[in-house]
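Here is a short note to read alongside the model. Please keep the view open while going through the points.

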Amino acid sequence: MLSTQYYIIFTFLLACIFFVSPKKQSLPVKHGWFYLILILIVTFRSPTMADYEQYEEAFASKGELRFEPAFFVVRVIVASLGNYIYGFLFFGIISIWVKYYVISKYRDLFWAATLVYLSNVLIVQDMVAIRAGVAGSLLLVAAFYRVEEHKKKMLLFVLIAIMFHYTAAIFLVMYFMSSEKPYRKWYLGVIAISYLMAMNRIYLTQFLGFLPFIGQDIALFDKYVSEMDYQLTPMNIFNLLQMGHLLICVTFWLFINKISSHYRSALILLKIYTLGVCAVCWFAQSFVMAIRLSEIFFVVEILLIPMGFSAMFKKTFHYKLILVVYAAVILIIRMTDYMYWDQTRL
């Protein structure tokens, strides 16, 4: 039986063919079958992937576990069906189908967004951090409504996302973001300050204890931090992937006027993406927190990367070439990362 990696590579190559094809593309709704395949891949992925055993036990457990409310609802349904695999199926349907719904709203970016999604978010969230995967999907919807100035709908989807993953609460910051004014210097300044803080070993985790509403969750943060202190492996804020994120972020800010003139929603998405770059520095004291919180923000790359490349490169050939190369490089990095393909837990 072929491993999960082969199925992902196959679907990625198939998406590449549709993306670079010069033929006129049909409506994205006709390509729902492609996302059905992704749901099957996510549901029946290799049991040696990270966090698989933990979720298998969680779906089967009848005891008290520390999970968000929505997980308990799914667990009750899974228990009634008698097979933990339904848990992966439910989470896959919700997470992947919601992403498909959002991506379908951008017809000209459908296959480009699909490529970016396959290269990163599918693996790190929908196949590993599955609760974050669902939350990220709902946050994409929330971002869409924020751009459309439907703030009540935005808040509703953020609240639903929180029911799947508590860290989604950080997306409430979208409410205060301007969808018209870039404030480019301010966001670039936040990046610079974040790096200066991390380089001087000043982390946001050090101030969490002063926030009274954190409550009992502070124990979890302390656990993450103490584990990483013991292992002496704090987050490397200059790792290759983070440098790629930083380069893209700064470049898009330099061209934000041009990008936002083509895609109005790119401004809000870039602001959220910037917070993802900064989150790596804010929580670098704990590798787990830095990865998990930054990836929540980086979910917007599914739409932002195609928007940015499409607006920056006038010639279609150059746009398609750079996007395929970008997605392929990220996919290779994720495919060769042992953290996702064995039972090592983040």
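**Notes on the predicted model**

1. Leu293 touches Thr167 and Phe283, leaving aside residues up to four places away in sequence; contact means heavy atoms within 4.5 Å. Leu293 lies in helix α14 (residues 287–298). Helices are DSSP runs of H or I with at least four residues, strands are runs of E with at least two, and both are numbered from the N terminus. Leu293 counts as buried because its relative accessibility is 9%; buried is under 20%, exposed over 50%, partly exposed in between, with a 1.4 Å probe and protein chains only. Ala279 is 14 residues from Leu293 in sequence, and their C-alpha atoms are 6.6 Å apart.

2. This is a predicted model: local features need pLDDT of at least 70, side-chain atom pairs need 80 or more, and totals for chains, interfaces and linings use all residues. Residues are numbered from 1 along each chain as its sequence is written, and side-chain values use heavy atoms, without hydrogens and water.

3. The protein chain has 17 helices and 0 strands. Of its 346 residues, 53% count as buried. Take contacts between residues at least 6 apart in sequence: 77% join residues at least 24 apart.

4. How do α3 and α5 cross? The axes of α3 (residues 52–60) and α5 (residues 85–104) come within 9 Å and cross at roughly 105°. Axes are lines fitted to C-alpha atoms, for helices over the stretch in contact, and angles run from 0 to 180 degrees between N-to-C directions. So α3 is roughly perpendicular to α5, a label for 65 to 115 degrees.

5. In α3, Tyr52, Tyr55, Glu56 and Phe59 meet Ile85, Gly87, Phe88 and Phe91 of α5.

How values were computed: Parallel < 35°, antiparallel > 145°, perpendicular 65-115°, else oblique.
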